[in-house]
Amino acid sequence: MVGKIISIFDISIEVVLSSNEVKVGDILELEGNSKYRFEVVEISNTSATCISLDSTRGLKKGANVVIASHGINVEYSDKILGRIFNSYGIPIDKEPMNSIQTRRVDHPTTTLQELNIESKILWTGIKVIDFFAPLQKGFKMGLLGGAGVGKTVLIKEIIHNVYTSLNSNAIFTGIGERSREGQELYSEMKESNLLDKMAMVYGQMGDNPVSRSKAVYSGLTMAEYLRDEKKQDVLLFIDNIYRFIQAKAEIATELKQILIGNGYPSDMASEMSKIEERINSNQNGSITSVQAIYIPADDLTDESVQTIMSYMDGQIVLDRKVAELGIYPAIDVFNSTSKLVDIEKIGERHFHLVEQVLKTLTRYNELEEIITVLGIEELSEEDKLIFYRARKLRNYFSQPMFVAEAYTGIPGQFVKIEDVLNDVEGILSGKLDEIDESKFLFVGKIS
């Protein structure tokens, strides 16, 4: 025994200590009942403030506590693939688990000496991403977009394509997800034959904030297994990273800590750095993350959004207006960016083509307003060419997806970046002017 519970406030537990063995970060549990576990977050004189990992229902004052035999551990082996876990690494898919090896989720981040900053570009085979917002191994990419714009289908397609080209696995981490959404994604991955290529970790919306905040660490540890032990380039999807900050704010409120603007915890930046500094490339492989970001009240200047985006290497924005045009993936090419779109990183040809396409599509938006008022006959011959070529470009960046074949009946396509550059040059130069714009919709490369 190392102490006794003297007060209980929702998720906050106060323990009077009878031993000096206890330190911040330790996991305590009820003597004789490991169902109740608490993480030590603060020690003051002879008492410790803890947060409960699970429900405190049934917990009583005066109960004795001991130091748990281990912290929060998750499976650290191939057994994670094809499985779905809760925030603490416990399987929730009702299948048996024969553990091989476990690891604590709160181990140190990658050191500066271990980092590999000379990583290669990670081509996804998805035209619009590879052209406008390419990924590099070890990148952190923000994914912005509401419900119903094709986020799940895009995530599944990236998992499928990267596994096909690199034989790499993926980790999906849901933070504050609805139980229904988790079940739907699990079923969809199973139907698409992708489940055995990934592991899923969920801190569900109905869980307490401690559970929601720990999901990301469990997912990270599993991703590190694939990188460091399997020597893979891993994909890590986090949906939704904003919910992590929200959960931390709830914990800070419970502990009566000082909050900053909009009710966020004062240590928000340091908490984010603990996560983001573990998403990197080293000599074994890389962890490339795509992190969904909720924008509260559509305010991009919100403190939490700014903190998250400071760690991102780019962003992919899904737009409902694009989806309404029937173009999928419904990506807003004007607001989707990447640090790789640099003449020294992707090359002069690719860089200048991105500039030309954005210039053409910008002019197209201007011409649409003119046509609405005056009609297309009033355009000059040059503007007519720009108008029709822009429509072909817009259609060209749609793409048939492997994971949607069952619904569309169109075979999926993996398109190499060289083919994309050749096709875009062909459209811009006028070589493909004779082909009807409808022929560019939902195709791979243009023969």
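Eight strands, in the order β8-β14-β13-β15-β18-β12-β19-β20, form an open sheet with mixed pairing. Two strands count as paired if DSSP finds at least two bridges between them, and helices (H or I, at least four residues) and strands (E, at least two) are DSSP runs numbered from the N terminus. The edge strands, β8 (84-86) and β20 (337-338), each pair on one side only. The model is predicted: local features need pLDDT of at least 70, side-chain atom pairs count only at pLDDT 80 or more, and totals for chains, interfaces and linings use all residues. Residues are numbered from 1 along each chain as its sequence is written, and side-chain values use heavy atoms, with hydrogens and water left out.

Within the sheet, strand β13 (residues 170-177) has 8 of its 8 residues buried, where buried means under 20% relative accessible area, exposed over 50% and partly exposed in between (1.4 Å probe, protein chains only). Strand β13 runs parallel to β14 (residues 198-204), and 7 bridges join the two. Along this pairing, I171 stands opposite A199, and I175 has G203 as its bridge partner. With β15 (residues 233-239), strand β13 pairs in the parallel sense over 5 bridges; here I171 stands opposite L236.

Leaving aside neighbours within four places in sequence, E177 is in contact (heavy atoms within 4.5 Å) with Y202, G203, Q204, M205 and D239. E177 and R212 are 35 residues apart in sequence and 9.0 Å apart in space, C-alpha to C-alpha. D239 is joined to N240 by a cis peptide bond, with omega about 20°; N240 lies in the loop between β15 and α5.

The largest nonpolar core has 64 residues, of which F131, L154, M200, F237, V357, F397 and V424 touch the most other members. Helix α10 (residues 348-374) supplies the largest share of this core, 8 residues. A second, separate core of 47 residues includes I171, Y225, L226 and I241. A nonpolar core is a set of buried Ala, Val, Leu, Ile, Met, Phe, Trp, Tyr and Cys residues joined through side-chain atoms within 4.5 Å. Not counting residues up to four places away in sequence, F131 touches H350, L353, V354, V357, F397, I417, V420, L421 and V424.

Two loop residues other than glycine have positive phi. D10, in the loop between β1 (3-9) and β2 (12-17), has phi near 55°. D10 is exposed because its relative accessible area is 54%. K231, in the loop between α4 and β15, has a positive phi of about 60°. K231 counts as exposed because its relative accessibility is 51%. A cis peptide bond also joins Y328 and P329, with omega about 0°, and P329 is in the loop between α8 (320-324) and β20.
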